[in-house]
Amino acid sequence: MVHENETLVERIQSGYCVAENMRALHENNLPLIKKFIKSFAAYDPMEDLLQEAYFGLWEAVQHYETSENVWFMTYAEYWIKQSVQRYLEKCGSTVRIPSHIRQRIGRYKKRTGVGAGIRQRADGQ
């Protein structure tokens, strides 16, 4: 049995009623998309993040291969999160820091616990 998402993706990829099928795909999966971007909600309004998630969904449709044995939304999660993350990196701060540098900073903070020390001092410790 072919899942509804995979059917919609095949229709979009073949060029059949692209706008209508993309809208249906987005609306059918909106609760799941909101779950994917929930961790980014503190950084920007949810409406903006949903718009970027739509762009990520579009990219996922373009790259998805129905012959693979993976559910579409499992595959699309990567593209949606990446699209939102890149949007926030590009528009989220006054000084733009390249994404590979942000990733290094994140790994450094995680290893050394730098972020935790700052929170402790703010609490008065």
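Visitor: What makes Arg-23 and Glu-27 about one turn of the helix apart?

Guide: Both lie in helix α2, residues 18-28, and they are 4 residues apart. A helix here is a DSSP run (H or I, at least four residues), numbered from the N terminus. This is a predicted model: local features need pLDDT of at least 70, side-chain atom pairs count only at pLDDT 80 or more, and totals for chains, interfaces and linings use all residues. Residues are numbered from 1 along each chain as its sequence is written, and side-chain values use heavy atoms, leaving out hydrogens and water.

Visitor: Why is the contact of Arg-23 with Glu-27 called a salt bridge?

Guide: A salt bridge needs a side-chain nitrogen of Lys or Arg within 4 Å of a carboxyl oxygen of Asp or Glu. The closest N and O atoms of Arg-23 and Glu-27 are 3.1 Å apart, so the pair qualifies.

Visitor: How do you know that Lys-81 and Glu-77 form a salt bridge?

Guide: Their N to O distance is 3.0 Å. Both residues lie in helix α5, residues 72-91. The structure holds 2 salt bridges.

Visitor: Why is Arg-23 called partly exposed?

Guide: Buried means under 20% relative accessible area, exposed over 50%, and partly exposed in between (1.4 Å probe, protein chains only). Arg-23 has 43%, so it is partly exposed. Glu-27, at 47%, is partly exposed too.

Visitor: What makes Arg-96 count as exposed?

Guide: Its relative accessibility is 55%, so Arg-96 counts as exposed. Arg-96 is found in the loop between α5 and α6.

Notes:
Helices (H or I, at least four residues) and strands (E, at least two) are DSSP runs, numbered from the N terminus.
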